[in-house]
Amino acid sequence: MPDGSGTWVAGVDGCKAGWVAIIRNLDAPTDPKLIVVPAFADIVGYTPQLSTIAVDMPIGLPDRIGPGGRGPEKAARKHLGMRQSSVFTVPSRAAVYEDEYLKACATALETSDPPKKVSKQCFFLFPKIREIDALMSPELETRVHEVHPELAFWRLNGEAEMSLPKKVKSRANPAGLDQRRDLLVSKGLPKDFLDQAPPRGCGGDDLLDAAANSLIAERILRGAAEPFPKEYRRDERGLRMAIWA
């Protein structure tokens with residue numbers, strides 16, 4: 001376990017094994033640490049305490065969804081061009097709490113205008129969305145922020161979308177992953193760290209996404225990040241609905 005001195009941030013991404021986090025001490029920012037944990041609560045309760053946690057998972061679930069999804073999805077897609085398909089439309093909280101796909105679609109149809117079903121890709125994220133939703137409070141959001149890797153890469157790439165896809169036909173695209181790794185290296189992360197074989201249950205793309213999110217966590221802490229949309233709303237539980245970059 002690291003000693004408690006310094007200011008600690010984490011970029012987090014969901015993975016098959018649970019959650020992968022890239023943890024960085026801003027007093028030694030080029031010496032990151034990788035952990036894989038089964039529960040998001042393990043990251044929230046990590047020692048030393050993480051000042052800022054940037055996680056790629058929706059936070060804030062409205063009772064009803066309007067055209068284009070939550071405000072964060074609409075705001076993020078405007079900047080991502082060909083990469084905007086990576087931003088899934090998140091349904092209402094009631095739909096997210098359905099554990100069968102057909103029921104989730106039925107509930108989503110009832111709670112959206114215009115009526116919209118749930119994509120299979122988004123449905124598979126529901127357990128992790130529920131996990132965070134159960135933990136979150138307006139007080140905790142001073143530390144925990146929603147991010148999205150492609151918006152993170154857009155920000156780190158001089159506010160330009162990445163020219164190569166991360167995946168092609170649901171398979172990792174080596175050229176796209178190398179492009180993202182090289183960008184992260186240009187921002188000070190060690191190449192050998194990013195090139196390491198990821199732990200069991202964690203993909204190479206998960207590692208790179210968490211690393212990008214860790215750089216956004218640093219930006220958030222330093223006051224250099226902004227929410228998308230700028231005029232964000234809160235859901236019925238008072239949770240902020242914004243993607244930060």
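1. Which residue in S2 is the bridge partner of cysteine 15? In this predicted model, the partner is glycine 18, and the two strands concerned, S1 and S2, form a hairpin with two residues between them. Their pairing is antiparallel and extends over eight bridges.

2. The other pairing of S1 to be noted here is with S4: these two strands run parallel and are joined by four bridges, with valine 12 standing opposite valine 55 of S4.

3. Strand S1 is also mostly covered, since eight of its eight residues are buried. On one side these are Trp8, Ala10, Val12 and Gly14, and on the other Val9, Gly11, Asp13 and Cys15, so that both faces of the strand are covered. As a general point, the side chains of a regular strand alternate between the two faces of the sheet.

4. Taken as a whole, the sheet is open and consists of five strands in the order S3-S2-S1-S4-S5, with mixed pairing. Strand S3 (33-37) and strand S5 (144-146) stand at the edges, and because each has a single partner strand, one side of each is left without a neighbour in the sheet. Neighbouring strands are turned by 25° against each other on average, when direction is ignored.

5. The largest nonpolar core has 34 residues, of which Val12, Trp19, Phe40, Ile43, Val55 and Val144 touch the most other members. For isoleucine 43, leaving aside neighbours within four places in sequence, the contacts are Val12, Trp19, Ala21, Val37, Leu50 and Ile53. Apart from this core lies another, of 31 residues, among them Cys15, Leu183, Ile216 and Ala225. In soluble globular proteins generally, nonpolar side chains tend to be buried together.

6. Why do the buried residues of H4 lie on the same side of the helix? In helix H4 (residues 101-110), the buried residues are Ala104, Cys105, Thr107 and Ala108, and they lie on the same side because they cover an arc of only 170° around the axis.

7. Is lysine 230 buried or exposed? This residue lies in strand S8 (residues 227-234), and it counts as exposed because its relative accessibility is 61%, the cut-off for that term being over 50%. The C-alpha atoms of lysine 230 and phenylalanine 40 are separated by 27 Å, and the two residues are 190 residues apart along the chain.

Methods
Residues are numbered from 1 along each chain as its sequence is written. This is a predicted model: local features need pLDDT of at least 70, side-chain atom pairs count only at pLDDT 80 or more; totals for chains, interfaces and linings use all residues. Side-chain values use heavy atoms; hydrogens and water are left out. Buried means under 20% relative accessible area, exposed over 50%, partly exposed in between (1.4 Å probe, protein chains only). The arc is that of the directions from the helix axis to the C-beta atoms. A nonpolar core is a set of buried Ala, Val, Leu, Ile, Met, Phe, Trp, Tyr and Cys residues joined through side-chain atoms within 4.5 Å. Contact means heavy atoms within 4.5 Å. Two strands pair if DSSP finds at least two bridges between them. Axes are lines fitted to C-alpha atoms, for helices over the stretch in contact, and angles run from 0 to 180 degrees between N-to-C directions.
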